[in-house]
Amino acid sequence: MLLFKNSFIKIRKSLGRFFSLIFIVALGSAFFAGVRETSSDMIKTADAYYDEYHLMDFRIVSTMGLTDDDILSLEELENVEKVVPGYSFETVVNGEASKIYGYLEDINKAKLVEGRYLENENEILVEKGTYHLGDTITLESDALDYVKNTTYTVVGIVESPMYIYENKGISTVSDGKLDTYMYILPSNFTLEVYTEVYLTAKDSISKTAYQSDYADTISKLNAELTELKPIRETARYEEILAEAMKEIYDAEEKLQEEKSVNDQKFAEAQKEILDNEAKLKNGWAQYNNGKNSLSSTKDSMEQMFKEKEQEISNGEKTIFSGLETFGITILDVPLTIETLNGQIAQLQAMLSMLSPDSEEYIKLDSQIKTLQASVNSLNELTVAYQTLQNGKLELANGKKEWEDEYNKALSTLNSSYQQLLDGEKELASGKASYEENYATYQQEILKEEQEIADAREEVANLEKPVWYLFDREDNSGYTTFYDSATKVDSIAAVFPLFFVLVAFLMGMNTMTRMIEEERGEIGLFISLGYSKAKIILSYLFYVLIATVIGLIIGLNIGYFVVPLIIYRVYVSMFLLPDLQLYFNFGVSILIILVCFGAMGIVTFLAVNRNFKYMPANLLRPEAPKMGKKVFLEKIRFLWKRLSFTWKVTVRNLFRYKKRIVMTLIGISGCTALLLTGFGIQDSIGSLMNKQFGEIEDYDAIIFLNDEVHEVNNDIDEVLAQNAISSSVYLNMESFKFSVENKNVDIYLMAFEDDVIIDDFIHLRDSDGNSISLSDNGVVISEKTARMLGVSLGDTFGIRNSDNELFVLKVSQISKNYVNHYVYMNESYYAQVFGEKTYNAIMTTMDEEKTQEIGDALLKIDYFSNIQYTTDSMNMFQDIIRSLNDIVFLILGFSTFLAITVLYNLTTINISERTREIATLKVLGFHNNEVSAYVYRETLVLTIFGVLIGLGLGVLLNQFVMTVAETDEILFVKYIYPMSYLYTFLIMTLFTVVVQFITYFILKRINMIDSLKSVE
Amino acid sequence: MAFIEVKNLSKTYQMGEVTIKAIENISFSINEGELVVILGPSGAGKTTVLNILGGMDIPSSGSVIIDGKDIAKFNRKALTDYRRYDIGFVFQFYHLVWNLTALENVSLASQICKHPKESLETLKQVGLGDRSGHFPAQLSGGEQQRVSIARALAKNPKLLLCDEPTGALDSKTGRMILELLQNTCHKEHMTTIIITHNAVISEMADKVIKIKNGKVDDILIQKNPKLVKDIDW
């Protein structure tokens, strides 16, 4: 028990050493545990997120959509958990390529950040950071092909486990890069088939994403799906075929029916025309007959009238000649008759007075008689005249009557003539329209027949629908996250190992020294009869207390602080929930065992070494190490030149080889870490300068609303008006290529032919020579070539979002650091893709006014979207800023480690040489001379250590940068000269700081005590 | 006035509540070129006297006038300079720097002095001219002690202080060392103080200061000190 008490007293007496042990253990375990655990924490956090929001395991998209039958057969699969059909389409919203999903309750749920989920059909959920609650989103009218409404109100802001990465993949609209996503109620969709179906595999939710048991779990379903795929493809093909054939048959039947109906109609019409023609002919005959008979009637009538008139005129002549005998005209007749009748009456009166036999009488009588006869004949003439007059009247009447009759007949005849003419016209036009209609009809029939023939051909050429099977690996966010997380792991593999090594060496050093110092005490205990085990235990106790405290601190920092710092870097790139921290018992136990084991072994060995001496020996101080000539002394001319103090320093340096090694490892290690920290910063910093300074020189890419096929003067004019100094037309599209089952996005840029694009993008080969575009191949970026393993003249394939494959030939490889690009001219583009087309214009403009110019341009109909180079730069700057955190983490740990190592080594150095230092003091060395005597060694070692460390740092930096490199980035493994200087200065500063602290230790060394004779 | 004038010298150590008087009211004087032996048993306080004389410790009271200066009033810096320029030490355990050769050990001291002696000459003087390149570990105890004396002499000090210089040596070697010291003292007129518990050694001294229980017990002046070789061991 006393021994343990002794341990506690030792702790109190040597707090510095005790704390340095704690510190070493804490630092080593914190870094090891922390960096190792981070990737696991990240994966677990992501997995919990995926599980909570039911991220699908598989997504199936078919070229012809998916039907309920498809869903049914998917549901019957053995290893399937959920089958959820859904709808989505891509469209441009406010210039951004947007994917609109029907929101599903059961799968790929969105995490609500603000607002609420959907309740009505006119509501929409949007991605965080795009729109605000209450905003109205209006889709373009082409959206009506898919959905009922085009106007929606934002009710919720969401994040989605499907889109955890800034890069959301490629799109079929706009510039080919998906910008955002939205959700509406699925009932909004008007499609007949589902656009996609999501599946989860049985038990997959209980497995951790990215891990092999997850892969195993979903591979079972994958196998089933792969098996089902051709079956359903065929079924769907046959279904579509049957549908199409039925349609064709229906169309044919309809055509036949139409034909028979119409043929009859046309025949009738033709017959009618013929009838009408005959009728018309008849009419003409009748008309001509009528006309003839009328004219002959007219002739005979006129003859008759003439005869009658002659007759009357003859009668009148007779009358007039009769009257002439009387010497009167017809008008005088009545008066004459009256006169005659008066004479008769007079004569009769005279007669009556005369005897009948009188001569007079007789004479009178005869006179009367003559008179009477005259009257009679006059009467007769009057009557005849009257009769004649009547006849005349009658004739006139007859004539009039005839004329009326004639006129009537004539007009009848004329009207029937007109009718006949009309009829003829009608018939002609009827005939014409018949012919026209018939021709049209014939044409229509032909057309319909052609259509049916076409349809038949189409059916004959009908391609089988293709199912595209996607799993989570096809989501670039999902895979990039894993890459990033495992990258932490790879870095984790080197750094902590290094820390543990240094910590182990430090621990060993400290304990060895401690036990050396206490060999007298050990000797005393042995001589007092304590067992070896007890003595060892008392030291172990001391060490283990330090180790336990160190572990408690270290593991806590390691598990609960370090991952948060590292994770900060990733949250800036990924949209994920807060990191969930886990305490890894397995690794902790490993760390604890390693620490206990290492410390225990070190202590045991150090203590045990003393047991071989006799206690009496132990009670005396250890004989100092014998001095030796060093090899440098053999180089006499050099050695002679060294001042005395330097000779001493050199000799001392080689005196303690173990210490040299330790110091060099410690210092070079810290230096390497520091330099790596700076190197990461430099590489990423210079990456930005290189990519956006040396390669991409354009300021913006302006996307056109409608593709054009040649340079458009109107657009050029608009650009010129808006202060765009220079521009080039290009076609920019997104594609992907696969490497090791991984899809990587690649941007295609096809420029106008014969334009020098060097004003916009400086394409350079590895020797820095300018590259120009050619008609028979493409220029691809360096990293792309490296990933694909292609060189000049090779071919490679890229796929568009419909999975169509295009093969390109490599003509040049250009330097490029960020993203994958394939550059070509339009001629080559036309060779591969069929036609020249431009969808964008790359421009340079006044960099101060890009936003202003851009805003003005976007108001013009020609342009849909603008991609600014400064935006890309800013995004990059964010990444760099967050990476600085990791650099600071490394710098911080390195600093602690460096100071600990230096402090530890210096104090051990001093404690080992107390007697020597006391001697110097007695000899009258001033404090600064004494310090210099000791420091000179440390300084030399520091300088050598730093130099070695700089070398190691370059290698470590290379390694870290290689490991940290993502698919999209090619790191420039370049460390600025200033960083070497900084590292050097920092290490020097640490050394000075530590020496400053140790100066006081040196000053405190008491000559008298130290030189006290040991009797 | 004598070369060294020690008056009423006292040194007390405070150990917690207890005050220990290491020496009390010690007074003596030493003339230049004298060989003085301070004699006393273990714990009598003789080392304390030496420490104070050597500028390694400060007295609680009293004065130590050496060559006209009272070193009891010196601060640390002045004491260091005093050690550096005026004092040569010879220790029981030599305290050589193990990583330096014999010559280098001598140079270590001489290079910080104003008027050092030639290191190699000094080594020759102590009879080690042919072993100058050897490391301490390659030398015998007596040789080491001679190196240590050479180191002290090379500084050309005003005062040579020797703390039990023969304590770790056999008598034969011890006599050689004492002889060396006596010769040096006489030849170079070097004031030498030897501290010892061995009464025999005192026979070689010009002056013997006996100390007992922290006080001067007796001061003995020997007009005709014995040569070391004549001393009967």
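Reader: What is the bridge partner of Ser727(A) in β19(A)?

Author: In this predicted model, the bridge partner of Ser727(A) in β19(A) is Thr843(A).

Reader: How do you know that strand β13 of chain A and β19(A) pair?

Author: Two strands pair if there are at least two bridges between them. Strand β13 (residues 724-739) of chain A and β19(A) have six bridges, in the antiparallel sense, so they meet the condition of at least two.

Reader: And what makes strand β12 of chain A and β19(A) a pair?

Author: The condition is again at least two bridges. Strand β12 (residues 700-708) of chain A and β19(A) are joined by five bridges and run antiparallel, so they count as paired. Within this pairing, Ile702(A) stands opposite Ile841(A) of β19(A).

Reader: Why is strand β19 of chain A called mostly covered?

Author: A residue is buried if 20 or more other C-beta atoms lie within 10 Å of its own. In strand β19 (residues 838-845) of chain A, seven of the eight residues are buried.

Reader: Which strands form the open sheet with β1 in chain A, and in what order?

Author: The four strands of the open sheet follow the order β2-β10-β1-β11 (chain A), with antiparallel pairing. β2 (80-86) and β11 (467-471) of chain A are its edge strands, as each pairs on one side only. On average, neighbouring strands of this sheet are turned by 20 degrees against each other, direction ignored.

Reader: How do you know that strand β1 of chain A and β11(A) pair?

Author: At least two bridges are needed. Strand β1 (residues 58-66) of chain A and β11(A) share five bridges in the antiparallel sense, so the pair qualifies. Ile60(A) stands opposite Leu469(A) in β11(A). Helix α3 (residues 68-75) of chain A packs on the sheet, where it touches β1, β2 and β10 (194-201) of chain A. The direction of helix α3 makes about 170 degrees with that of β2(A). Helix α4 (residues 212-326) of chain A lies across β1, β2, β10 and β11 of chain A, at about 160 degrees to β11(A).

Reader: Why are β6 and β10 of chain B said to stand at the edges?

Author: The open sheet of six strands in chain B has the order β6-β7-β8-β3-β9-β10, with mixed pairing. β6 (87-90) and β10 (215-221) of chain B each have a single partner strand, so one side of each is left without a neighbour in the sheet. For β10(B), six bridges join it to strand β9 (residues 207-212) of chain B, and the two run antiparallel. Ile209(B) has Ile219(B) in β10(B) as its bridge partner.

Reader: What makes Val90(B) buried?

Author: The cut-off is 20 or more other C-beta atoms within 10 Å. Val90(B) has 27 within that distance, so it is buried. Val90(B) lies in strand β6 of chain B. Leaving out residues up to four places away in sequence, Val90(B) touches Ser148(B), Ile149(B), Ala152(B), Leu160(B), Cys162(B) and Pro165(B). Val90(B) and Leu160(B) are 70 residues apart in sequence, with a C-alpha to C-alpha distance of 7.6 Å.

Reader: How do you know that the span of helix α6 of chain B agrees with its 18 residues?

Author: Helix α6 (residues 171-188) of chain B should span 26 Å at 1.5 Å a residue, and its end C-alpha atoms are 25 Å apart, so the values agree. Just after α6(B), His189(B) takes a positive phi of about 60 degrees.

Reader: What covers the buried residues of α6(B)?

Author: The cover includes β3 (35-39), α5 (141-154), β7 (159-163) and β8 (191-196) of chain B. Among the buried residues of α6(B) are Gly174(B), Leu180(B), Gln182(B) and Cys185(B).

Reader: Which residues touch the most other members of the largest nonpolar core?

Author: Leu125(A) and Ile184(A) do, in a core of 148 residues. Helix α2 (residues 15-52) of chain A gives the largest share of this core, 16 residues. Apart from it lies another core, of 79 residues, including Val930(A), Leu53(B), Ile149(B) and Leu180(B).

Reader: How many residues of chain A are in contact with chain B?

Author: 21 residues of chain A are in contact with 25 residues of chain B. On the chain A side, the largest share, five residues, comes from α14(A). The residues of that side divide into 10 nonpolar, six polar and five charged.

Definitions and conventions:
Residues numbered from 1 in each chain as written. Chains lettered and ligands numbered in written order. Predicted model: local features only at pLDDT ≥ 70, side-chain atom pairs only at ≥ 80, totals over all residues. Axes fitted to C-alpha atoms, helices over the stretch in contact; angles between N-to-C directions. Contact = placed C-beta atoms within 7 Å. Expected span 1.5 Å × (residues − 1). Buried ≥ 20, exposed ≤ 12 C-beta atoms within 10 Å, placed from the backbone. Nonpolar A, V, L, I, M, F, W, Y, C, P; charged D, E, K, R; others polar. Core = buried A, V, L, I, M, F, W, Y, C linked by C-beta atoms within 7 Å.
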